[in-house]
Amino acid sequence: MRFVVIGGGPAGVRAASTAARLGAEVVLVERDVVGGAANLWDCIPSKAMISTGALISRARRAELLGLAPLTPTVDLGALAHRVQAVSDQLAASMTRQLESQGVRIARGTAQMTGPHGVALDSGDGTVEVLDADAVLLATGSSPRVPDWAELDGERVLTTRQAYPPPVVPEHLVVIGSGVTGVEFVHMFRSLGSAVTLIVSRQQVLPAKDPEVAAALEADFLSRGVRLCIGARAVGIDRSSEGVAVRCDDGRVISGSHALICIGSVPGSAGLGLDSAGVIVNAAGYVPVNHHCQTNIPHIYAAGDLSGRLPLASVAAVQGHKVAEHVMGLHTRQHRHLDYDKAASAIFTEPEIADVGLAEAEAFALGRKIRVTKVPYAANARALIDGDPRGFVKLVSDPATGVVLGGSIVGAHAAELVSVIALAVTANLRVIDLAESLFVHPALAEALAEAAE
Ligand SMILES: Cc1cc2nc3c(=O)[nH]c(=O)nc-3n(C[C@H](O)[C@H](O)[C@H](O)COP(=O)(O)OP(=O)(O)OC[C@H]3O[C@@H](n4cnc5c(N)ncnc54)[C@H](O)[C@@H]3O)c2cc1C
């Protein structure tokens with residue numbers, strides 16, 4: 001089986017690795033670095049920056065933990081070095097693993113030349129044509145830039161240009177209050193920037209449980225973040241001193257820098273999908289079935305390009321499933337990916353994470369549910385750590401006790417939610433959580449308590 005993977009992000013790397021382990025002859029084409037946008041610009045650098053921000057916040061609460069006041073100062077050079085080092089280390093370890101599995105990593109830009117042909121342009125004048133029995137398109141996505149904004153890489157930025165920043169912006173105006181927007185608000189506020197967030201709807205995180213969004217809004221306001229609710233940005237004027245963001249309701253928000261976080265566009269342009277006969281939808285995504293097959297059965301699409309949940313975690317599991325399908329393993333105990341059961345997290349402060357059915361969603365569906373909620377303030381570990389902000393909310397079926405979902409707002413939510421994700425995937429009941437012998441004192445005890 002000759003398997004060509006285009007794009008070395010989480011979807012491509014995982015597919016290449018699994019397929020090689022299962023015996024395929026794999027070529028992974030990547031024009032940038034192994035690990036993809038996830039490693040170079042998105043998940044990893046943003047979380048590395050946020051990790052530094054978390055230490056700053058913790059240091060600011062030093063007095064609560066019996067220390068004399070601490071005043072941390074940011075060393076931007078050292079921070080930039082650290083962020084790069086984490087990303088480099090991950091790329092190197094993925095590269096080593098793939099090479100040890102016999103994957104050929106081909107540096108260059110790939111384009112389909114037909115249903116079985118992939119042209120690899122190495123950028124040095126050589127073009128190699130690869131023959132493939134199966135192809136995975138995993139070219140990801142990039143930040144969406146509206147036609148009313150002109151990026152200058154200095155004051156008007158997308159997330160790809162925002163870090164590590166050469167200076168800490170004096171006043172950052174963040175446009176867009178989805179997951180990426182709020183994470184950048186949190187990141188730059190932690191580093192000391194004044195921040196204004198432009199929120200086009202009536203709450204931040206419009207797709208999330210209102211109670212969860214309210215907790216984040218309360219935190220932002222308490223940290224001095226200005227929220228400009230119900231305003232849609234329609235233009236940015238730039239001067240030598242700063243930016244002025246014009247909104248559709250007439251408000252103008254001035255700042256030193258503007259950061260655009262209004263979603264992404266799929267990486268389907270220039271891939272030669274026409275030559276291969278692959279259908280692309282109006283938004284540029286490549287529609288796939290539950291095996292991630294496109295309309296051409298031996299050509300697959302995974303990750304952000306597939307238009308499903310744009311998460312690195314989902315992309316990687318899609319990649320794994322694709323490899324199994326390519327190698328004919330789907331006929332055995334194959335479980336389709338259930339995107340409704342994907343856990344996701346928002347690395348703000350407090351952290352937010354959820355999985356499965358949300359309370360507001362069940363209400364909208366008219367579905368009977370049992371909701372139990374436990375505040376972090378009742379948890380010994382949270383009090384010991386001096387951070388009792390937040391809560392755990394568990395959603396279950398009142399008739400069967402099966403865990404349907406949950407939301408966590410509070411420290412380490414992204415870690416804790418995995419327990420609920422496992423319960424949701426394995427159809428565990430609340431009693432299974434309540435009777436599990438968790439560690440004491442641990443934040444996870446709040447989950448067991450919510451399950452009682
Ligand atoms: C700021 C930000 C933070 C995020 N944080 C998280 C997070 O914490 N957790 C999470 O789960 N998700 C997060 N995401 C989402 C996550 O980054 C994406 O869902 C994920 O990167 C998608 O993976 P992918 O495999 O589709 O491709 P990508 O990671 O986008 O990689 C695609 C690769 O394909 C390569 N490529 C493209 N075209 C070609 C071509 N023609 N030839 C060769 N190579 C090509 C590109 O160079 C790139 O390396 C974040 C997104 C953003 C914007």
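Between which two helices is the loop that holds P441? P441 lies in the loop between α12 and α13. Helices here are DSSP runs of H or I with at least four residues, strands are runs of E with at least two, and both are numbered from the N terminus. The peptide bond from H440 to P441 is cis, with omega near -10 degrees. I will come back to that part of the chain.

First, the ground rules. This is a predicted model, in which local features need pLDDT of at least 70 and side-chain atom pairs count only at pLDDT 80 or more, while totals for chains, interfaces and linings use all residues. Residues are numbered from 1 along each chain as its sequence is written.

Now the overall layout. The chain is divided into domain 1 (2–143 + 265–331), domain 2 (156–262) and domain 3 (350–451), with bounds that come from an automatic or database domain assignment. The centres of domain 2 and domain 3, taken over C-alpha atoms, are separated by 30 Å. Six residues of domain 2 are in contact with eight residues of domain 3, where contact means C-beta atoms, placed from the backbone, within 7 Å. On the domain 2 side, the touching residues divide into four nonpolar, no polar and two charged. For these classes, Ala, Val, Leu, Ile, Met, Phe, Trp, Tyr, Cys and Pro count as nonpolar, Asp, Glu, Lys and Arg as charged, and the others, Gly among them, as polar.

Next, the cores. A residue is buried if 20 or more other C-beta atoms lie within 10 Å of its own, exposed if 12 or fewer, and partly exposed in between. A nonpolar core is a set of buried Ala, Val, Leu, Ile, Met, Phe, Trp, Tyr and Cys residues joined through C-beta atoms within 7 Å. The largest one has 80 residues, and those with the most contacts inside it are V174, I175, I198, L259, V417 and L447. Its largest share, eight residues, comes from α11. Why does this core lie between domain 2 and domain 3? Both domain 2 (156–262) and domain 3 (350–451) give residues to it, so it lies between them. Taking one of its members, L259 touches L157, A162, L172, V174, I175 and F184, leaving out residues up to four places away in sequence. Apart from this core lies another, of 58 residues, with A11, A19, A20 and A110 among them.

Helix α11 (residues 413–425) has 13 residues and reaches 18 Å from its first C-alpha to its last, close to the 18 Å expected at 1.5 Å a residue; the expected span is 1.5 Å times one less than the number of residues. Its buried residues are A413, L416, V417, V419, I420, A421, A423 and V424. They pack against β19 (344–346), β20 (352–356), β23 (403–410), α12 (430–434) and α13 (445–450). Helix α5 (residues 179–191) also has 13 residues and reaches 19 Å, close to the 18 Å expected. What about its cover? In α5, 13 of its 13 residues are buried. Just after α5, G192 takes a positive phi of about 115 degrees.

Then the backbone exceptions. Most residues other than glycine have a negative phi, and most peptide bonds are trans. N427, in the loop between α11 and α12, has a positive phi near 55 degrees. N427 counts as exposed because it has 12 C-beta neighbours inside 10 Å. L205, in the loop between β11 (194–199) and α6 (210–222), has a positive phi near 45 degrees. Is L205 buried or exposed? With 22 C-beta neighbours inside 10 Å, L205 counts as buried. Besides the cis bond at P441, the peptide bond from E349 to P350 is cis, with omega near 5 degrees. P350 is in the loop between β19 and β20.

P350 also turns up among the contacts of V409, which touches V212, A215, P350, I352, G390 and F391, again not counting residues up to four places away in sequence. V409 sits in strand β23 and counts as buried, because it has 27 C-beta neighbours inside 10 Å.

Last, the ligand. It is surrounded by 36 residues, the closest being G7, G9, G36, G140 and G303, and a residue belongs here if its C-beta atom, placed from the backbone, lies within 6 Å. Elements giving two or more residues to this shell are α1 (10–21), β2 (25–30), α2 (36–40), α3 (43–60), β4 (109–114) and α8 (312–326). By class, the shell has 15 nonpolar, 15 polar and six charged residues.

Terms used
Contact = placed C-beta atoms within 7 Å.
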